[in-house]
There are 2 protein chains.
Amino acid sequence: MLRTLVSRPFHTYSSSTYQPTLGAFTSRACFTTSSSFHARSKMAAPSSSEVNKTAHAFERSALEGLLIKRFFFCPAFEIYGGVKGLFDYGPPGSSLQANIIDTWRKHFIIEEEMLELDTTIMTLSDVLKTSGHVDKFTDWMVKDVKTNEVFRADHLVEGVLEARLKGDKEARGAKVEEKEDDPTKKKKKKVKSVAIQLEDSVVAEYESILAQIDNFNGKELGELIRAQKIVSPETGNEVSEPVEFNLMFDTQIGPTGQIKGYLRPETAQGHFVNFNRLLEFNNGRVPFASAQIGKSFRNEISPRSGLLRVREFTMAEIEHFVDPLDKAHDRFESVKHIKLNLLPKDVQTEGRTDLSQLTIGEAVASGMVDNETLGYFIARIFLFLIKIGINPERLRFRQHMANEMAHYAADCWDAEIHTSYGWIECVGCADRSAYDLSVHSAKTQNKMVVRQPLKEVRIVEKMVVGLDKKVFGPRFKKDAKIVEDAIMAFDEEKLKEVAAELAEKQSTTVRASNGQDYEVPSSIFTITPTTIREQVREFVPNVIEPSFGIGRILYSLLEHSYWAREDDVNRGVLSLPPTIAPIKVLIVPISGNTEFKPLIREVSQTLRGLGIASRVDDSGASIGKRYARNDELGTPFGVTLDFASLKNGTMTLRERDTTLQVIGKIDEVIKLVADLCSGLEWSEGSKRLPAYTGEQEI
Amino acid sequence: MLRTLVSRPFHTYSSSTYQPTLGAFTSRACFTTSSSFHARSKMAAPSSSEVNKTAHAFERSALEGLLIKRFFFCPAFEIYGGVKGLFDYGPPGSSLQANIIDTWRKHFIIEEEMLELDTTIMTLSDVLKTSGHVDKFTDWMVKDVKTNEVFRADHLVEGVLEARLKGDKEARGAKVEEKEDDPTKKKKKKVKSVAIQLEDSVVAEYESILAQIDNFNGKELGELIRAQKIVSPETGNEVSEPVEFNLMFDTQIGPTGQIKGYLRPETAQGHFVNFNRLLEFNNGRVPFASAQIGKSFRNEISPRSGLLRVREFTMAEIEHFVDPLDKAHDRFESVKHIKLNLLPKDVQTEGRTDLSQLTIGEAVASGMVDNETLGYFIARIFLFLIKIGINPERLRFRQHMANEMAHYAADCWDAEIHTSYGWIECVGCADRSAYDLSVHSAKTQNKMVVRQPLKEVRIVEKMVVGLDKKVFGPRFKKDAKIVEDAIMAFDEEKLKEVAAELAEKQSTTVRASNGQDYEVPSSIFTITPTTIREQVREFVPNVIEPSFGIGRILYSLLEHSYWAREDDVNRGVLSLPPTIAPIKVLIVPISGNTEFKPLIREVSQTLRGLGIASRVDDSGASIGKRYARNDELGTPFGVTLDFASLKNGTMTLRERDTTLQVIGKIDEVIKLVADLCSGLEWSEGSKRLPAYTGEQEI
């Protein structure tokens, strides 16, 4: 069992198997079982030292210190004490995020001609009621009855039982390993263990409870808490019965208090409710995809772990609408050779985590990946992540196991990126079948279908409804529309039933969307079996949904990019690719002398004209210090202006990772920088100009 | 009096003159006075027909029909009945918005090397308490006592009194003109007029009330409602006493219900609370600017008028931090020649609306515009709006009058764009002095100052505080920090007072930020007059704030771009500039023949490679229909692939506005398109290739 590594499947929140679309990568709570922790420790994940360029072991605290110091991000309202799970991005963080999003937009929206949307964050409660979020997007919560401290019920049980098991091991003299935390889980309060040996039967019972902790509902969790005498860890007070806590932020729209709204927990519903307009925009044809980049919100009970589990986050979501009978993809050829690290469900079911290295072509051909379109997106997600600088050795695609998926889902794969927190789910890619469109369509009585001309006319027998509108309208007045809608929503079977009833009783009862029943007589309502020549096929398209958590990708990228110079563990470097780096070029005048000003302006204007973001550092710090500061910002290139620049029109160019420098005429250097920013490798580009050795790098 | 045209100044919400930063362009309610309506009708605004290319008069309904049909936008959750003031942008609207934002980012952030931020939408209530929004960002509201229908109190009074005045005029036989609505105002319910003549004294009283309607507070509005026997217009029921309604959406952060949050009504506070980190990022120096693009929210009582008054909107805000003693701008030279339509405050005070055409250099030199930095931004705002396609003849800068501005503001100008709704405030540009940083600094005890080395050392006499930390800490325990902070916040005057008190009583009382008083004896707290050599000047920078309402700009641009073909009023065209147009090139194969597929793919791939967004329309519609559809989407260029393309490798190129076509080799045409998208004019570019006359344009 490897389920720690994944987010907890939504249907475990309730006994239902109903599962809203959730933008797989976030929250939804992950579950932690003792057995899965053991499984994780067996995992073959590349160590940081293998991956990073540094000889130093990766230290998260060093990276985090750098990120806060250089204002990649900071706690929001820091001067007011901050609020957990809310972060502001400063200039380098914002630029990095903007560059990742820009690359995403080109890679997906432009390249694939997707239809971009910008739908509201503020969402009418009815929409999220239909999607299932109002009822099911919840966690079970308990409170310390005296202090009102809040715990997630399942995490409290886990925390206490695990602490008791640890105490048992200590008492038995076993060495207890500290676990690697997975921040994508809502973490439980740390509970201190006390070395007390337990009966063997109790150990077995605890282990059994922990193994199935995510299967308990609120009532069962409450019973467990009482049976196992679980109390608030720090105070020893009792805790309340578990209550459901919805993870959406709610508010009122308008002044009357009558319109309830939620901040969307994902962007997906905005695509679905607009399906008919999107389809029309696409001339009525599938396949097509809509895409949206924007903020979503989840009111986590206890957010932690920096940017990985937050209450406000940027998502990028694609909804690809496709014919359920034809999930081939016409560009699949172009990606089928791409080799991926895959972790299919059957391997996980056997408790293993070894990766299959297959091409996506092989994975689809063998049936491991359900269809070409899903496979195509998996490959495109891979290409995107590699392009922005994610280490392919620390990237895997993990398939959801049967018990993680909703009953209607055909297949689902998560792109997981390895970080110091373990494997982090960063992109979800699910085939959600026709579910989402079907539920909105049923709820609103708006057909959401594709109509496709048939190649051959089909002769079918159908029940055809006749309504005498002249009588119907006046009879039902303002309700006429909903009564008609209710009738029009009858399927063939229902129509046959009603036809029989009309024949028998000359009347039938129709329940409309307002919940009321209406008596409709056969004098104004007929149902006639009719032979119809069908020339059009009508179907609800399926949805394939790649859903990206931009903040998680950004943080993972920072970890993959970070290392420290061999000669000094405190000299951090972020080796971000030039396309993604917040600033591409640092302009460093050798001194604050005003003589340099015109030249600085000229160089920075020229770079700007080429679309290359640069920054001048004319502070009093030494050149070495200024470059070091800039290594921490991930700026790939630095140019130095000195008195030779004024005299000879030359400029030196320094590359961040190697610290090597070359020298050339200012326009030559700028041309080289432009090419380096467009993909030319330094190892190649640096050959164009002579090495600069005239000054010692500090 | 010309005050209709402006948003209502914030301080009119209360008797205080305290004015939070508000991103001038939105809400804040505008007030409507009968006198100002008259003023508006005198305004010299260019008529649509002068401005648009069309011979047809501008019809808003035709444009709106087009925008909904082509899915520029639509009501959010339309299939659920929608909610007022919430709109989704479809593909062309999203792309248009993305292109406007992209241009904004280049024009401001990149060009001016601003520090970009991405701060949270979810905002801790304390922050908005300090900024004044929690207490003052409100409208007065009344309810129909029986139906609970809600009205904005001032609008209800206005609506009823204006209807009575209209009835009076009708009774007197005068012709009553329909007013031009200004959608930036929160509109009142339309109240039907009845032709009843009023006493002359009553007419005078009503006019006097209407002229000062924005000066009444809630109590006074309540008295007016009773005195004038104003009732709910449709039901005739009485209305309740006015109550304040805060325009921010509120929610709870976390599960405890103890942390109150609001959705930000502007992005500005996110800049201010991060000032110290921004300053450090900028090496401790001013001037510098931060910039942020993002969603903000205002829970309007009654949103109307499409995209102009909405509950969720995209803003782009700049906070430029500058030395209060030196508001010169080092790039002012580069803009001083720019001529603008200016409407200064003294002209408005005289009840006039005629525009001064001055260069910004002249306006700053004459003191009309307060300082160079403010003038620089006004000019840059102008250049930005022109660049994206706003008609300069329908753009003016209106200065806030003294009674519109907060007491601390130095100057404020709004960029107003003329539309069919009148002049719409789209960008605010205010010099907010040191206000914002000062209030956050005072509230949080975090100094927010710039430290600048003085050229000459200054000898000053200062009161220096001494605290005996060894005793101080243990004495006040956990409160030691806030007691110390309170002492350290004393200014020179207070220190002199306290010194006298300590000398007299050997003790003083200090009130800390928790509201409690602490007794501090002179044994651990000394204040000594000391001669100090000051080498550093310390100051709170001033803030100049350009604040853009992207949705309003986008809608105004659509109005300025829209016209209908002379031969057919139903053939709408959006003449968006190529850089801003959602899609640059339509690719039209002459038929759906599969032979064209490889060529279509080649052309679209080549365009994509050049960064040019294109769209294929291979639907069955005629070429003419497809082009017409695309004119409505504002696509500037169309290329047609026909059998000659397959045979000779040629392609025709059609320009949207002129419908003229040229023909050339495919690569020549693509090169021409690329140049046209980079700024080459069609009148020039079209000379490169021979005109195409082989086929009749429909």
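Helices (H or I, at least four residues) and strands (E, at least two) are DSSP runs, numbered from the N terminus. The views below show a predicted model, in which local features need pLDDT of at least 70, side-chain atom pairs count only at pLDDT 80 or more, and totals for chains, interfaces and linings use all residues. Side-chain values use heavy atoms, without hydrogens and water; residues are numbered from 1 along each chain as its sequence is written, and chains are lettered from A in the order in which they are written.

View 1. Leaving aside residues up to four places away in sequence, F525(A) touches V465(A), G466(A), L467(A), I487(A), F490(A), V498(A), L502(A), T508(A) and V520(A), where contact means heavy atoms within 4.5 Å. The C-alpha atoms of F525(A) and D468(A) are 6.6 Å apart in space, although the two residues are 57 residues apart in sequence.

**View 2. The interface of chain A and chain B, to which each chain gives 85 residues.** The two chains bury about 7200 Å² between them, 57% of it on carbon and sulfur atoms; buried area is the accessible area (1.4 Å probe) that two parts lose on being put together, summed over both. Across this interface there are 39 residue pairs in polar contact, both residues being at pLDDT 80 or more. A polar contact is a pair of N or O atoms within 3.5 Å; within protein, one must be able to donate a hydrogen and the other to accept it, and residues adjacent in sequence count only if both atoms are side-chain atoms. On the side of chain A that touches chain B, helix 4 (residues 91-110) gives the most, with seven residues.

**View 3. Salt bridges between chain A and chain B, of which the rule finds 12.** A salt bridge is a side-chain nitrogen of Lys or Arg within 4 Å of a carboxyl oxygen of Asp or Glu. R608(B) pairs in this way with E113(A), with the closest N and O atoms 3.1 Å apart. In another salt bridge, R277(B) meets E78(A) at 2.7 Å, N to O. That pair crosses from helix 11 (residues 275-281) of chain B, which holds R277(B), to the loop between strand 1 (73-75) and strand 2 (87-89) of chain A, which holds E78(A). E78(A) counts as partly exposed because its relative accessibility is 32%.

**View 4. The salt bridge of E416(A) and R396(A), with its closest N and O atoms 2.7 Å apart.** The pair links distant parts of the chain, 20 residues apart: E416(A) belongs to strand 15 (residues 411-419) and R396(A) to strand 14 (residues 395-399). E416(A) is buried at 0% relative accessibility, and R396(A) is buried at 1%.

**View 5. The salt bridge of E684(B) and K687(B), at 3.0 Å from N to O.** E684(B) is partly exposed, with 45% relative accessibility, whereas K687(B) is exposed at 62%.

**View 6. C429(B) and its closest cysteine sulfur, in C412(B).** The two sulfur atoms are 7.5 Å apart, too far for a bond. C429(B) is buried, with a relative accessible area of 1%. A search of the whole structure finds zero disulfides over all chains, a disulfide being a pair of cysteine sulfur atoms within 2.5 Å.

Notes:
Buried < 20%, exposed > 50% of the residue type's maximum accessible area, 1.4 Å probe, protein only.
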